[in-house]
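Hi,

Here is the structure I promised to pass on to you. My notes follow below it.

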Amino acid sequence: MTRDDLFDVTIIGGGPAGLFSAFYSGLREMKTKIIEYQPQLGGKVHVYPEKMIWDIGGMPPVSGADYIKQAVEQGLTFNPEVVLNEKVTSINRNDDGIYELQADSGIHYSKTVIVAVGSGILNPKKLPIPGSEKFENTNLHYSVESLQHFKGKTVMISGGGSSATDWANELESIADRVFISCRKNNFDCHESLATRLKNSSVVCFFHSTITDLVPDEDGNTINKVELSNHETGAVNYLPVDDVIVNHGYERDTTLLENSELDIEIADNYFVSGNANSESSMDGLYAAGDILMHNGKLNLIAGAFQDAANAVNKAKQYVQPDAEKAAMVSSHNDVFKKRNEKLKKQMFE
Ligand SMILES: Cc1cc2nc3c(=O)[nH]c(=O)nc-3n(C[C@H](O)[C@H](O)[C@H](O)COP(=O)(O)OP(=O)(O)OC[C@H]3O[C@@H](n4cnc5c(N)ncnc54)[C@H](O)[C@@H]3O)c2cc1C
């Protein structure tokens, strides 16, 4: 990247807030870039692809996976530049007032920035068993993409928190057998989840940890798990078809710590801003879970409002005589051609 690749707005993070920011900044005719660390857009909704989301205004219940599909389609409406697999490590500003985003592949230059990094970069905590990575291509899972994959299988779940117990409950009626192992003597989740689990056919192993994965003959697939009880010292070998691990997430939240700018931070992590999504820095805005202010709504619906506010402020920063807000979409010329096509499809 050179300084000639200067964008009006660069959005860090491609979750719900980043995607709606990209849509809205396209609507406001700004040259837009989204930078996302993960290989795909969608943010932390990827953690719950099969959960149903009911609380997005005007939208019927939608699965996380379908929501992502729609949000990505909307986010890319105006063809923003999308950079995936790219971690922004710090935000600085040069003497000309241009923001410089340091990333793995070099520096991204931008007139304004929207920080939409949610809870930071999430990576699942891995099983601390040497060599376990090779099973990630076969039957060791750190997320549940599809419950149906486990139909008729024997599944071992490791973890005692909300996600692990929720998966165990969901899989009970789909899998043939479900085991769950938990380090403590009780689950660390909402009591209704724990009660449902204890009354189910799921076999719970407390005080227990997976200490080894025994492969089948070809060496690529887990055939048995070695389960050790650290109270009694008992070791069990359980034949399994799949292993699901949910030990929580490692969070990389270093972006703002590394930045030398005077960005006001709340609770050691969040961008302390206002209801217009402004931060303490001119030209730098925040949207979604990373933004904190008095009226903050920590829902996807709240991220949309933050995003539109951030973009409107960015637009005025780049072009001070611009309208304060975009015209509504229902009679906006930007959509004229697209509407003709859509109406044709609808009425044909
Ligand atoms: C299990 C679960 C269920 C939920 N259910 C609902 C629900 O029913 N309804 C609802 O409204 N909300 C729900 N939420 C909350 C909702 O998912 C979040 O509010 C929403 O995802 C926030 O969007 P965001 O874009 O701010 O952040 P995120 O979705 O966290 O996206 C941030 C993105 O930024 C990227 N990123 C972070 N740091 C960097 C960096 N340095 N460089 C590049 N990229 C970076 C991340 O990889 C990520 O993709 C749920 C959350 C969870 C965990």
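Let me start with a helix pair: the axes of α3 (residues 162-172) and α4 (residues 191-198) come within 10 Å and cross at roughly 40°. Axes here are lines fitted to C-alpha atoms, for helices over the stretch in contact, with angles from 0 to 180 degrees between N-to-C directions. That angle makes α3 oblique to α4 (under 35 degrees counts as roughly parallel, over 145 as roughly antiparallel, 65 to 115 as roughly perpendicular and the rest as oblique). Ser162, Thr165, Asp166, Ala168, Asn169 and Glu170 of α3 touch Leu193, Arg196 and Leu197 of α4, where contact means heavy atoms within 4.5 Å.

A word on the basis: this is a predicted model, where local features need pLDDT of at least 70 and side-chain atom pairs count only at pLDDT 80 or more, while totals for chains, interfaces and linings use all residues. Residues are numbered from 1 along each chain as its sequence is written, and side-chain values use heavy atoms, leaving out hydrogens and water.

Next, the sheet. Its five strands form an open, parallel arrangement in the order β10-β17-β11-β12-β13; strands pair if DSSP finds at least two bridges between them. Helices (H or I, at least four residues) and strands (E, at least two) are DSSP runs, numbered from the N terminus. β10 (140-141) and β13 (203-205) are the edges, each with a single partner strand, so one side of each has no neighbour in the sheet. Further in, four bridges join β11 (residues 154-158) to β17 (residues 242-245), and Val155 has Asp242 as its bridge partner in β17.

Best wishes
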